Amino acid sequence: MSAATGVVSGIRISHDRASLDAVEAACHPDEEAILQRLLDVPGVHEAFVLQTCNRFEAYVVTDADAAGQAVLDDFAPDVGGHSVVEMGHEQSLRHLLRVAAGLESLVLGEDQILGQIRDAYTLAHESGALGPMLDVAVTKAIHVGERARTETDINDGAVSVGSAAVKLLAAESDLEDATALVVGAGEMGTIAAHALADTDIQRLYVANRSFDGAVEVTDVVDHDDVRAVTLDELGETLDAADVVVSATGSESHVIDADDFHDTGEVRVVDIAQPRDVSPAANAVNGVTVHGMAALESVTDETERRRRAAAESVEAMIDREFDHLLESYKRKRADEVISAMYESAERVKERQLSEAFSKLDAHGDLNDDQREVVSSLADALVSQLLAPPTSSLRDAAAEDDWGTINTALQLFDPDFGEDGGPPEFVREQFDDGDVPDEVAEQMPDDVRTMIAGDDD
């Protein structure tokens with residue numbers, strides 16, 4: 001698919017419009033399978049999927065916006081129409097930049113989303129799902145996300161989901177001399193373990209399906225009493241815990257209601273997606289389970305402190321968004337210009353060959369004479385194509401895609417391959433579809449050739 005005709009379409013199901021249950025229902029454990037499912041749809045040239053605990057987003061590139069939206073309408077999970085947001089070309093591109101910059105996160109400016117986009121980009125790239133449109137768009141989004149965090153204070157004092165969970169526990173419980181448990185040794189679990197170690201807790205357990213994985217976390221956490229355990233030891237560890245942060249990547253519940261029957265008073269923050277803790281656990285006496293939604297209040301103060309920085313990031317996104325659109329326009333114009341020069345080069349080489357044959361019939365040309373004739377042909381091509389080159393770049397800058405598409409057809413790379421233009425160009429000329437101003441600028445012999453009347 002050419003860069004000149006691609007249109008990006010997107011859908012999103014995220015925390016701002018959907019419940020976390022809806023987000024969870026939309027996400028799929030096999031992201032590569034989702035990409036392939038989208039790519040298998042006829043007319044889809046590229047695809048990109050982003051899944052986090054707070055969002056599910058899918059993007060496709062098709063030849064027209066209506067085609068992309070139709071694909072995504074069929075693809076969208078059945079989670080209620082109000083939860084699914086459809087995005088057109090420019091809205092999709094701007095949204096990607098905002099997500100990477102942290103402006104669409106539950107925790108404004110948090111850093112974790114940038115790593116998640118990088119991971120999604122790597123998977124899509126390795127799966128062959130990216131092309132000239134989405135590769136540029138996602139790369140630009142990552143670049144904007146990096147700039148936002150290095151050039152502004154958008155993440156100054158920012159809390160990740162893992163540290164926000166600990167902040168919530170500190171606000172709701174007395175952590176002095178408490179026993180804390182982190183379930184899961186992934187990125188969020190590691191962040192939560194570090195954050196708990198910075199409080200006044202007495203002991204910290206890190207539980208993980210793999211004992212070695214738990215040890216990797218305990219080895220880097222700075223606390224006098226931190227211990228690694230496996231999930232097989234989860235029951236007795238829960239009994240000892242006063243506060244729990246659960247953040248595994250399990251596809252099913254890791255902690256059931258029955259696991260809390262001997263725990264007494266315990267407060268849990270479940271930041272896993274899908275959820276680690278069975279909803280029935282909240283009904284157990286003495287057990288309080290907080291989900292992701294509870295973190296919003298924790299982050300309000302941080303968000304207020306960084307609104308000024310967010311304004312700077314918004315301005316940065318406006319500029320980078322314009323640059324992204326301009327880059328697409330340049331590529332589309334350059335594609336047509338390249339096709340035009342390629343076609344002209346073929347015609348020039350054919351005509352030079354014929355001219356040399358005729359001249360050689362009257363006596364061999366020496367190398368200097370051949371160079372003069374070739375240079376003349378090159379100069380003629382350059383001078384003749386300079387005005388349309390300028391006009392095509394102006395057309396791209398002004399979103400005049402009618403002119404661009406007409407030029408793509410008239411200057412098809414196959415033009416001149418067999419002594420004449422493609423059949424569809426002849427048909428358009430015969431039907432009067434070639435603009436008058438274009439036809440008027442054509443030499444008589446070119447118009448005759450396109451019309452198919454030459455002998």
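**Close-ups of a predicted model**

**View 1. Strands E1 and E4, side by side.** Strand E1 (residues 7-14) pairs with E4 in the antiparallel sense, and three bridges join the two. Look for arginine 12: the residue standing opposite it in E4 is valine 85. As with the other views here, this one comes from a predicted model.

**View 2. Helices H7 and H8 packed together.** Here helix H7 (residues 161-172) packs against helix H8 (residues 187-197), with 7 Å between their axes and an angle of about 40°. That angle lies between the 35 degree limit for roughly parallel and the 65 degrees where roughly perpendicular begins, so H7 and H8 are oblique to each other. The crossing of H7 past H8 is right-handed. On the H7 side you'll find Val161, Gly162, Ser163 and Val166, and these meet Met188, Ile191, Ala192, Ala195 and Leu196 of H8. Sorted by class, this contact has seven nonpolar residues, two polar ones and no charged ones.

**View 3. Helices H12 and H13, running past each other.** The axes of helix H12 (residues 307-360) and helix H13 (residues 367-397) come within 9 Å, crossing at roughly 160°. Angles over 145 degrees count as roughly antiparallel, which means H12 is roughly antiparallel to H13. So what's in the contact of H12 with H13, by class? There are 17 nonpolar residues, three polar and seven charged. H12 and H13 make a right-handed crossing.

**View 4. Glutamine 273 in its loop.** This residue belongs to the loop between strand E9 (266-270) and strand E10 (287-290). Is glutamine 273 buried or exposed? Its relative accessible area is 18%, and since the cut-off for buried is under 20%, glutamine 273 counts as buried. Leaving aside residues up to four places away in sequence, glutamine 273 touches Leu20, Val23, Glu24, Thr52 and Cys53.

How values were computed
Residues numbered from 1 in each chain as written. Predicted model: local features only at pLDDT ≥ 70, side-chain atom pairs only at ≥ 80, totals over all residues. Heavy atoms only, no water. Axes fitted to C-alpha atoms, helices over the stretch in contact; angles between N-to-C directions. Helix = DSSP H or I, 4+ residues; strand = E, 2+ residues; numbered from the N terminus. Parallel < 35°, antiparallel > 145°, perpendicular 65-115°, else oblique. Left-handed = near helix turned anticlockwise from the far one by under 90°. Nonpolar A, V, L, I, M, F, W, Y, C, P; charged D, E, K, R; others polar. Buried < 20%, exposed > 50% of the residue type's maximum accessible area, 1.4 Å probe, protein only. Contact = heavy atoms within 4.5 Å. Pairing = 2+ DSSP bridges.
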